[in-house]
Amino acid sequence: MYNSKITGLGKYVPEHVVTNDDLSKMMDTSDAWIQERTGIKERRWIKEGSEDTSAVMGAKAARIAIERAGLSKDDIDFIVFATLSPDYYFPGCGVQIQDMLDMPTVGALDVRNQCSGFVYAISVADQFIKTGMYKHVLVIGAEYHSNGLDKTTRGRGVTVIFGDGAGACVLSREEDSSKGILSTHLHSEGKYADKLIVESPSIAHWVPEILESEEEDISYFPYMDGTFVFKHAVVRFSEVIHEGLSKNGLKKEDIDMLIPHQANLRIAQFIQKKFGLSNNQVFNNIMKYGNTTAASVIIALTEAWEEGKIKSGDNVVLAAFGSGFTWASAIIKWS
């Protein structure tokens, strides 16, 4: 039985910056209104005419991660791609990565767990390595939100939150069981699926209905019951972090770095206060990028590492909560 460890990290975000003031020209909002509720100052949106898509951004991040791992694309045994915004209804982005990176015919799968998608994807990859099936697994989280948002005042409660971007990591075999990913913890509560949802397209509302419709159909835009989601998020975040710590005989004082999903700065601050963590023990970048859903944890983890905030021997905690409802954590002994 092996452990897996992160050997390479990479990220990519579009160059186009959209500030809160930019949004105020599209809808009835303001920089103060957005910052007070979310902590977000700006986000990256793919500019019209760009080549970027979820898969393209994922490939750009993946190339960096593979190089930093000291590997080549031919060393990768499997691909796990987390996204809620695939380039196509099907097939998934994972197989596109295999093609874009000109890899051998390795297996690829997509994870559709929205905000917790990357932590779920890490867990899947970790199991493949633990059993000895694969040695190096490429894990990607990428989102192209901006082309599917309601950019009117009607949609401001959701639209101001989301951004585009991608992150990637390489998980590799580690024979020392005290290093790398120590455990992952996954949960869901589907009865609240309609509290954060995009209803269409769906099998019940598919091509015939789309072609016949003559009225504007807002079921294609994201819907969120913000207050309901917030109240559940702070509870589930706390629970799943405690679960991971307990599993590994750790206490909250043992956390060297917490990387929370970048859903809302107020959620992260609530959790930070509840666990008594300093600013040096929690990494947030939602202020710059907004909520990039499945990409948020891996973009934040990559930036924290690039800035020297994570070092060998640190206890790193990843945690996420989102649509589904789904939530997850991963406990890592950095090496």
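Which residue in β7 does L9 stand opposite?

A: In this predicted model, the residue opposite L9 is C169 in β7. The two strands concerned, β1 and β7 (residues 165-174), pair in the antiparallel sense over nine bridges. In general, strands of a sheet pair through backbone hydrogen bonds, either parallel or antiparallel.

The pair belongs to an open sheet of five strands, ordered β1-β7-β6-β4-β5, in which the pairing is mixed. β1 (3-12) and β5 (107-111) are the edge strands, and each has a single partner strand, so one side of each is left without a neighbour in the sheet. From one strand to the next, the twist averages 20°.

A helix also lies over this region: α11 (residues 296-306) lies across β1, β6 (136-143) and β7.

Elsewhere in the chain, a contact between two helices may be described. The axes of α8 (residues 226-247) and α9 (residues 265-275) come within 10 Å and cross at roughly 45°. That angle makes α8 oblique to α9, and the crossing of these helices is right-handed. On the α8 side, the contact is formed by F230, A233, V234, F237, S238, I241, H242 and L245; these meet R266, I267, F270, I271, K274 and F275 in α9.

Methods: Residues are numbered from 1 along each chain as its sequence is written. This is a predicted model: local features need pLDDT of at least 70, side-chain atom pairs count only at pLDDT 80 or more; totals for chains, interfaces and linings use all residues. Side-chain values use heavy atoms; hydrogens and water are left out. Axes are lines fitted to C-alpha atoms, for helices over the stretch in contact, and angles run from 0 to 180 degrees between N-to-C directions. Helices (H or I, at least four residues) and strands (E, at least two) are DSSP runs, numbered from the N terminus. Angles under 35 degrees count as roughly parallel, over 145 as roughly antiparallel, 65 to 115 as roughly perpendicular and the rest as oblique. A crossing is left-handed if the near helix is turned anticlockwise from the far one by less than a right angle, and right-handed if clockwise. Contact means heavy atoms within 4.5 Å. Two strands pair if DSSP finds at least two bridges between them.
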